[in-house]
Amino acid sequence: MNCSTSWPCASVAEAPLAGRTTIRVGGRAEWLLEPATPDELRAALVAARERELPVRILGGGANVVIDDGVLPGVVVTTDRMRRVFRPSQLAGPDPLDADVPTGRSAPEDPAADPRLVCWAGTTLPALCRAARDLGYSGLEKMAGVPGQVGGGIAMNAGGRGWQMWDVVEVVRVVDTGGAYRDIARADWSPSYRDAHLGDLVVAGAVLRFTPAPKREVQEAVRDYLRAKNAVQPVSEWSAGCVFKNPDPEASGGRTAGQLVDEAGGKGRRRGDAVISERHGNFLVNTGAATAADVFGLIADVQALVADRFGVALEPEVKLWRRDD
Ligand code: EPU
């Protein structure tokens, strides 16, 4: 493995990626860049663009299937950008300008300013815990969802009628020119599983909650976790739900999981890639699945559901193919 000092942040050549995804599939990145701060992220994106290399952003790796072989260009991981803190009173009117949390200057009563500032690499479970411990309601339905804040915002992660942008106050992105831009929730229209950010890369966000008794938040989190664990194969390697739920009018009100289930898709396999017996919208890697297995199985299931119900299932997971 080669390390290079020619990038403005930590970097690894020919970096293996499978272990950075929850489905544990995929080859290597020609270059993996690991910025540790929003400024390093900005510099990394600028440097990659100057070299005219293709850039992909890898967050928590919870919703992506990476191709086998070597991905040309740069993969930027936000993994080192894990920071969640309360807005500091000293930071002035713009909480995202605060650098590292001191903890000293936030108001003593968390309910007085029920917001959290996070950098893109903050994991969603860590964010959930921070909110719970402060008595902030708004993320309970996200309990058990893996991934990071950046990816969660970019794809507007959600479930049970809840979505990530419900708690967004402002998102700081890096634009294609390498400049920061702040997007206020009020000025943006994210939709189901897509925030429409295009080439904008999430650097951080300010999230706003509703103060609530800690015990209530905790109990809601526990209930949602229990419900999720009961129906989803949470302890197996997967990329979460594979397909978006289709328009209920086209599917007769069935979710993607129900369509796959009723079409007899559960247990279908290619190599070590298998459609979960537990939930039809989960494809699990039972050991040494390759991206070719996963891509092939996704196509098999799409064909099965199209034949049986005339519904075209659209992947929710991002498929990173080498030649895209
Ligand atoms: N069902 C079946 N067979 C199956 C799977 C589900 O009959 O194989 C039935 C269930 O019994 C239930 C209904 O389908 O009556 C809905 O299932 P579920 O509650 O699991 O909800 P979903 O619509 O399949 C959505 C999100 C999930 C999220 C859950 C939270 C999408 C595509 N999926 O699933 O998100 O965790 O709600 O309840 O929006 C993800 O984004 O990765 C993801 C898993």
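1. Let's start with the protein chain as a whole: of its 324 residues, 48% are buried. Please keep in mind that this is a predicted model.

2. On overall dimensions, the radius of gyration of the protein chain is 20 Å, which agrees with the value near 20 Å for a compact globule of 324 residues. The C-alpha trace spans about 60 × 50 × 35 Å along its principal axes.

3. Seven helices and 19 strands make up the secondary structure of the protein chain.

4. Now to the ligand, which is surrounded by 20 residues. The closest are Tyr192, Cys241, Asp261, His279 and Gly280. Sorted by class, the shell holds 10 polar, six charged and four nonpolar residues.

5. Which elements each supply at least two residues of this shell? They are β15 (237-241) and α6 (256-262). With three residues, α6 gives the largest share.

6. A few polar distances are worth a look on your screen. A polar backbone atom of cysteine 241 lies 2.7 Å from an oxygen atom of the ligand. For the side chain of arginine 193, an N or O atom is 2.9 Å from a ligand oxygen, and the side chain of asparagine 245 likewise places an N or O atom 2.9 Å from an oxygen atom of the ligand. On its own the ligand has 820 Å² of accessible area, and the protein covers 72% of it.

Conventions: Residues numbered from 1 in each chain as written. Predicted model: local features only at pLDDT ≥ 70, side-chain atom pairs only at ≥ 80, totals over all residues. Heavy atoms only, no water. Near = heavy atom within 4 Å. Polar contact = N/O pair within 3.5 Å; in protein donor to acceptor, adjacent residues only side chain to side chain. Areas by Shrake-Rupley, 256 points an atom, 1.4 Å probe, with all protein chains shown as cover. Helix = DSSP H or I, 4+ residues; strand = E, 2+ residues; numbered from the N terminus. Nonpolar A, V, L, I, M, F, W, Y, C, P; charged D, E, K, R; others polar. Rg over C-alpha atoms; globule rule 2.2 N^0.38 Å. Buried < 20%, exposed > 50% of the residue type's maximum accessible area, 1.4 Å probe, protein only.
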